[in-house]
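Open the model in your viewer and keep the selection panel at hand.

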Amino acid sequence: MDLGGFSMFDLFQTEVQQHCACLADGLIALEQNAGDPKMVEPLMRAAHSVKGAARIINLDGAIGLAHAMEECLVRIQRGVETPTAGRIDELLRGSDILRSLADLKSEDDARAWLESEKAVITQLADALNAPSGSATVTPAITPAITPIAAVAAVAAAPVAHAPVIAPSPSASTVPVAPPTPSASANPSAFKPTTAPSQTSGSNQDAAVLVSSSSLEKLLQLSGESLVEARRLESIRRTLTRAKTAHRHLADALDSLELNGRKAGDAISAVSTSRDALEEALHQVEDHLRRGEELASALHNEAVSSRMRPFGDACGGLARSVRDVARTLGKDVRLVIAGEQVPVDREILRHLEAPLGHLVRNAIDHGIETPDERVAAGKPKQATLRVEARHHAGSLIVEVREDGRGINRENLRARIISKKLSEPDIVNSLDDCELFDFLFLPGFSTAATVTDISGRGVGLDVVQSMAHSVGGSIDVRSSPSGTSFAMRLPVTLSIVRAAVISIAGQTYALALVRLERIDRIARSEVKTVEGRPTTVIRGETVGLVHAAEILELKETVQSETAEELSIVSVLAGARTVGFVVDAFLGEEDLVVRRLDSRFGDVPHVDAASIRENGDLLLILDADDLVQSALQLLEQGKLRGNDGRSSASKRTQHRILVVEDSITVREVERQMLLRAGYAVDTAVDGMDGWNAVQKAKYDLVVSDVDMPRMNGIEFVRKMRADRRFESLPVVIVSYKDREEDRIAGLEAGASAYLTKGSFQDRSFLQAIADLIGTAV
Amino acid sequence: MSTTDSPTPNDRRAAMARLLDRPNMPATVAEATKASAESRILRREPQINLLLFRCGSEWFAMPAECVVHVSRVTKVHALPHRTNHAFRGLTASSGAVVPVIDLLGMLAIEAAPATATSKPRMVIVAAAKEQESWAFEADAVPGVYAMPRTAVKPLPLTVEQAPRRVTSGLLTTTHGPASLIDPVRLLSEFKNAIG
C-alpha cells in the first residue's frame, strides 16, 4: 500500500482512531463482564500502540496518558484491581482525550491543545496511576474541537447546548439523575447486540487506507474506460455497413454472368474478402461485448468502493447509550442491526450526528425508568434498536424503542401554548401533521431542559440532514414505543435523474425533486395577469423558462416550437412548471462535484459524464424554484405566451446591414415603427465591426455589398462563438432557389426577398425569431 | 621483366591495413575535434520542449511539461452564470470534468476560418503536477518541438507593457512567429475571469 501521500501525523491519527474505537467498545464490554482478564489483553495492546504512535511524533502529553492507561489495564489484568464503573469512566475519558487528537488539523494544533489541557491530562494520568477507589476528581477537559452536531444545533437555534458525550463543565451543574443502583448493578444493560441482518457476518472485508483522490481518479478512469469500450460500437456499425455494401457488390458481380478464368478469380476473391469481413465483424462484436462487460464491472466496482458498512456510523453508539442511560438511571439494551449494509461514505459522514441525537432523544424522552416500565407491565430493561436496511431503492435508518410513546395531548398543548397554530386546527391534525411540529427548530415537549435533550435542538438537525441529501423522516408512535425512520438515498454518488435539454445543452434534474414531466401544445399556455400558466391534471401551474433562470440564450427552435416540455417541481404544496427544450429520458448519473475554483454556482448542483462521454450538469431544483419565485416577486419574469420573457425585458436591438441607402432607410423605418431599436451599417465589413461593439438581438443583411458581401458576413459570424446563435435575416433582390439555399447554408436564420416589405412577411419573420417588440 | 599481374588477395588485405593504420592528418584531427566540441556545446545549451499550436489567426507555444495530453475535440457544456469571454464551460476528459478556457475570447484573437491545415484538438494542461487541470481548444497542434532557450526572444514593448498579458516571449517557427504562453499567468487570468 502506498502511504507516500500521508504525513506521520495522518498515520498517527488513523492509528489513534482505530485503537480508541477498540478501547471504547472493549472497556464497555470489560465492565459488563466483570473484568475478564482475557478481555483486557487487546485493550492493553491498544493503549500500548497509541503510546508507541505518539512517541514517534513526540506528543508527550499523549505518551504519558496512554502509558498510565496501559499500566492501569495491566493492574486489572493481574487482578490487582477491579474495573469499577468509576475506573472505566476514567479509562474512557482517557480514550476520549486521545481520540480527540484524531480530529485536529495539524501536529502543531495537537501539541497546542495538549499543552493547554496539560493540567487536566496530568491529573487524569495521576488518577489512573492511583489505586482504584481513591477519591480523585478529574476536572473537565475542553473538547479539542467543537463537535459538528453541536455546531449544527447552535446554528439551528440560538440556544446554548453543551455536547452531551464530551465531558463538559456543565455536566456537574446540570441536574441529572445520579447513577442508580439498578443501572450500575446491571452492566449488561449496555451491551450492544448485533442483530442478524440481510448481509451481516457474510463478508468481513479487510479495510485498507486509500486516499480519496486516488479513489476519485479510479472512478473517473473506470467511467472513461466504459465510454471508450462503447466507442467500438461505431466501428461495428461501419463494418456492418461495409458488409452490406460488399453483399451488393457480390450480387452485382453475379448478375454480370461473366465467364472465364478471370471472372472466376474475381468471384473467388469477393468470396474470400466477404469471409474476412464476416470474421472481423464477429471479432469486433465479441470484443465489444466483452470490453463493455468488463468496463461496466470495473465501473460498478469503483462506484461501490465509495460505500462503507453502516456499522462504521455506529462506533460511538454503545458508549453514548451507556453514558446517557447511566446519567438518567435507565436500563437500556442497544441492538444494532444491519451493520454490514453498504452506505455511501458521504451519507455515513452526515449520519453520525443525527443518529446520536435520535439515540439520546429515545433514551431521554421515549424510554421510561425501570420502575415506570415495571408499573406499565413492560420488561424492566428497555430495548433500543438501531437498524439499517435497503428498501425499495432507499436506505432506511430506523431508531426504535419500546418506551412510552409520544403523548399526543401534551404535544397539542405545547403547540397551542407556543402559539404555533390555532387550537381548532391543532385538534384536527392527524399523527403525521402533529409529529411534524417535533422537527421545528426550538420545539421541545420536555417540561425541563436537561443536558441530554429537551432543548428542541436535535430533531430539526436530524430532519435538515435528511432533507439535505434528498431524504425524509417518518415518525410512528404507539404506547408500546416510538420509531424515527430516515429514508435516505443509498448513495450520493449516483442519482436517478431526468435528462433534459435547455438552450440546446443537456442538463439533468434528480427525479426525487420532480413532480412530473409533460408535453403540452403552445396553445395550451394561457396567461393569468400576463404570466404564462397551463393546466396540468386540473391544477393551474405557473410556467417559467428554465433558460431564463439560468441566464441562457434560448435557441431559435425552442423559441418557436409548437410543443413545450414542462418539468413540474414541487414548491412546498404547490408546483412550478419549468419550460425546457425537451425531455431526453431517465438515467443513472454518477455525480461529480464541481471544481472548487467556481465557488457555489447558482442552480447547479454537480456535473456528470454520460455513457456517450458527453458532460451534463445536474441542476438544483430547489434553487431553481427559489430563484423563479424571487424573480417573479421582483417583477423580473414577465413572459405571456410561453415564449421566453428574457428577450422581452428590454427593447430588441436590430442591426441593418445594407449598402443601398434607400433600402436601408425603408428597413430602418419599418423596424422603428414596429417598436425595435435599430442601428445601421453600410456593408459586411461595417456590420462585422458593429456586432463586435454592441449587443444585437438580430441582424438584417443584404447579400450584394462592397468590401464584404452578406454571405461572407454571415459565415464570419457563424465561425465566431460569440455570434453563432445570433439570428440573421438575409433580405435580397435575388429570389432564385439557389440564392436562398446559399444564404441558409451560410448560416442565415431566414432568407427573404425585398418584396417581403410589402406583405409584412419581413416583420413577421423577425417577430418569429425574436418575438414582437416591447 | 616487369610484370603487371593483378593484386592477390593478400595484397588487398595489406593495402587495407595500411589505409586503416595510416597516421591521422593534422587537418582531419582538427576538423573532427571541432565538430565534436561543437556538438557538445550544442548539447550543453539549455533546451526547452514546447507544444506548438494555433488559435485563430495566431501561433502559440507552451512548455510541454505543462501539457497533460492532447485529445480529439470534446463537447463543451456552458456553465450557467459563469461562462463568459474567457471561459467556455466544462468538458469531459479521461473521465474527469475539466474547465475549458476560451483563448480566442481571453486574448481577443480573431477567429480564423477553417483551412486544410486545421485539425482542431483539445489541449489538457496542468500548471504543475497534481494541480487541477484545465483545457483549451486549438485549431491546429503540429506537435512538440525542442529548441534552445536562447531562441525565445523578448516581447515587443507594446505587448510587454500590456497589463494582462499571458505571453512571456516570442519564437520564430516554421509556421511563422509564435507567442510563448506563460501557463501560470494564463491560469491567473482565467481565475480572475471566473472569480
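**Stop 1: a helix**

Select α5(B): its 12 residues reach 16 Å from the first C-alpha to the last, close to the 16 Å expected at 1.5 Å a residue, where the expected span is 1.5 Å times one less than the number of residues. Helices (H or I, at least four residues) and strands (E, at least two) are DSSP runs, numbered from the N terminus.

This is a predicted model: local features need pLDDT of at least 70, side-chain atom pairs count only at pLDDT 80 or more, and totals for chains, interfaces and linings use all residues. Residues are numbered from 1 along each chain as its sequence is written, with chains lettered from A and ligands numbered from 1 in the order in which they are written.

Next, show B:Leu186, B:Leu187 and B:Phe190, the buried residues of α5(B). A residue is buried if 20 or more other C-beta atoms lie within 10 Å of its own, with C-beta atoms placed from the backbone. Look down the axis of α5(B): its buried residues fall within an arc of 95°, so they line one face of the helix. The arc is that of the directions from the helix axis to the C-beta atoms.

**Stop 2: the whole chain**

Colour chain B by secondary structure to find five helices and 10 strands. Of its 195 residues, 29% are buried.

**Stop 3: the contact with chain A**

Select the 20 residues of chain B and 25 residues of chain A that form the contact (C-beta atoms, placed from the backbone, within 7 Å). On the chain B side, β4 (87–93), β5 (96–101) and α5 (183–194) each supply at least two residues.

Key. A residue is buried if 20 or more other C-beta atoms lie within 10 Å of its own, exposed if 12 or fewer, and partly exposed in between; C-beta atoms are placed from the backbone. Two residues are in contact if their C-beta atoms, placed from the backbone, lie within 7 Å.
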